[in-house]
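User: I'd like to learn how to read the features of a protein model. Can we take them one at a time?

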Amino acid sequence: MESLSPFAFVTIVTLVSGVGGTGLGGIIGALFNSESNKVVSLLLAFAGGVMSAIVCFDLLVEAAEAAETATGMGIWLVVLAVAAGVAVVYGLNLAIDRKTRREVPHTKDADHPQTHDDIDELIHADHLNEHLRNKDSRMALVVAGVVMACAIALHNVPEGMTIGASFAISEDLFLGSGMIMAVLIGLHNIPEGMAVAVPLISGGTGKVRSVLITASCGIPTLLGAWLGFWLGDIGPLGLALSLGFASGAMAYVVYGEILPEAYLIYRSKAPAFAAMAGIVLGMVLIFG
């Protein structure tokens, strides 16, 4: 590994974190199948806690320091970058939700919450399965698959950006913040992999094929890592913008999707404790 270029090293580590993490989640989902709502809820909450720690105690701090070095604007440049990250991911999620909700009967119910309340809604696998049940045209299935892929990419691209940008500022590729970020995001990807695999299997897709599809969902993480590494490598301004944007995008995913989902699919205090445990783990890995 020592002979690898930094770019190649980041590529390999991100693939392990993204594809490996979601693939492992897919394997777990295939083993538990439809009985895993409680497990997925707790893992999602735990992952949300880990990501909260990453955003609050690492990414935003690094972004503010880089912004101060680059422009002297400090926190205000970071605030603008965070706002842009939130706005872009929220807007794209809103467009996807409007496309899928009118085609999935149970989400049109007046009693259905405005956010997702089942694991298959998180990545819009319910939309794909609805077309499969109706035996719709091949084009309809392709469109539904593209929508599902876009929903997954919205989660994974900003995660990849944080890995790439963190490696760009790491003096030690093996032990620096980039590797810590890759490990944390790999853990975070496990419940997302479960959320992809379970509804696919429930909809009739074979377990092996479901795991392979789930693992491939981690590929967009690599695109984000390349972008984050490139921006972080061009100087403090690029680093501040990439970390700020990724922080905003991840914060929206955590607080607008993952944590509400965790509470709605398993209504108890347990997800709150899982989220707090995730925050503690994130702090230990960042500061330990």
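User: Let's start with Cys56: buried or exposed, or something in between?

Analyst: Buried means under 20% relative accessible area, exposed means over 50%, and partly exposed is in between (1.4 Å probe, protein chains only). Cys56 is partly exposed because its relative accessibility is 42%. Cys217, on the other hand, is buried, at 11%. Before we go on, some ground rules: this is a predicted model, where local features need pLDDT of at least 70 and side-chain atom pairs count only at pLDDT 80 or more, while totals for chains, interfaces and linings use all residues. Residues are numbered from 1 along each chain as its sequence is written, and side-chain values use heavy atoms, with hydrogens and water left out.

User: How many disulfides does the structure hold?

Analyst: A disulfide is a covalent bond between the sulfur atoms of two cysteines. Here the cut-off is a pair of cysteine sulfur atoms within 2.5 Å, and the structure holds zero of them.

User: Which residues make the nonpolar surface patch?

Analyst: Patches take residues with over 30% relative accessible area and no salt bridge, joining like charges within 9 Å and nonpolar side chains (Val, Leu, Ile, Met, Phe, Trp, Tyr) within 5 Å. A salt bridge is a side-chain nitrogen of Lys or Arg within 4 Å of a carboxyl oxygen of Asp or Glu. Areas come from the Shrake-Rupley method with a 1.4 Å probe, and for residues only the protein chains shown count as cover. In this model, Met73, Ile75, Trp76, Val79 and Leu80 make a nonpolar patch of about 540 Å². Met73 sits in the loop between α2 (37-70) and α3 (75-101), and counts as partly exposed because its relative accessibility is 40%. Those helix labels are DSSP runs numbered from the N terminus: helices are H or I with at least four residues, strands E with at least two.

User: And inside, which residues touch the most other members of the largest nonpolar core?

Analyst: A nonpolar core is a set of buried Ala, Val, Leu, Ile, Met, Phe, Trp, Tyr and Cys residues joined through side-chain atoms within 4.5 Å. The largest one has 41 residues, and Ile54, Leu59 and Phe167 touch the most other members. Elements giving it two or more residues include α1 (6-32), α6 (138-168) and α7 (177-202). The top contributor is α10, with twelve residues. Another core, of eight residues, lies apart from it and has Cys217 among its members.

User: What is Phe167 in contact with, leaving aside its neighbours within four places in sequence?

Analyst: Contact means heavy atoms within 4.5 Å. With those neighbours set aside, the partners of Phe167 are Phe9, Val10, Val13, Leu173, Gly178, Met179 and Phe229.

User: Where does Asn156 lie, and why does it count as buried?

Analyst: Asn156 is in helix α6, and counts as buried because its relative accessibility is 1%. Beyond neighbours within four places in sequence, Asn156 contacts Asn189, Glu192, Cys217, Gly218, Pro220 and Thr221.

User: How far apart are Thr162 and Gly228, in sequence and in space?

Analyst: They are 66 residues apart in sequence and 6.4 Å apart in space, C-alpha to C-alpha. Thr162 is also placed in helix α6, and is buried because its relative accessibility is 0%. Ala87 and Leu184 give another pair to look at: 97 residues apart in sequence and 24 Å apart in space, C-alpha to C-alpha.
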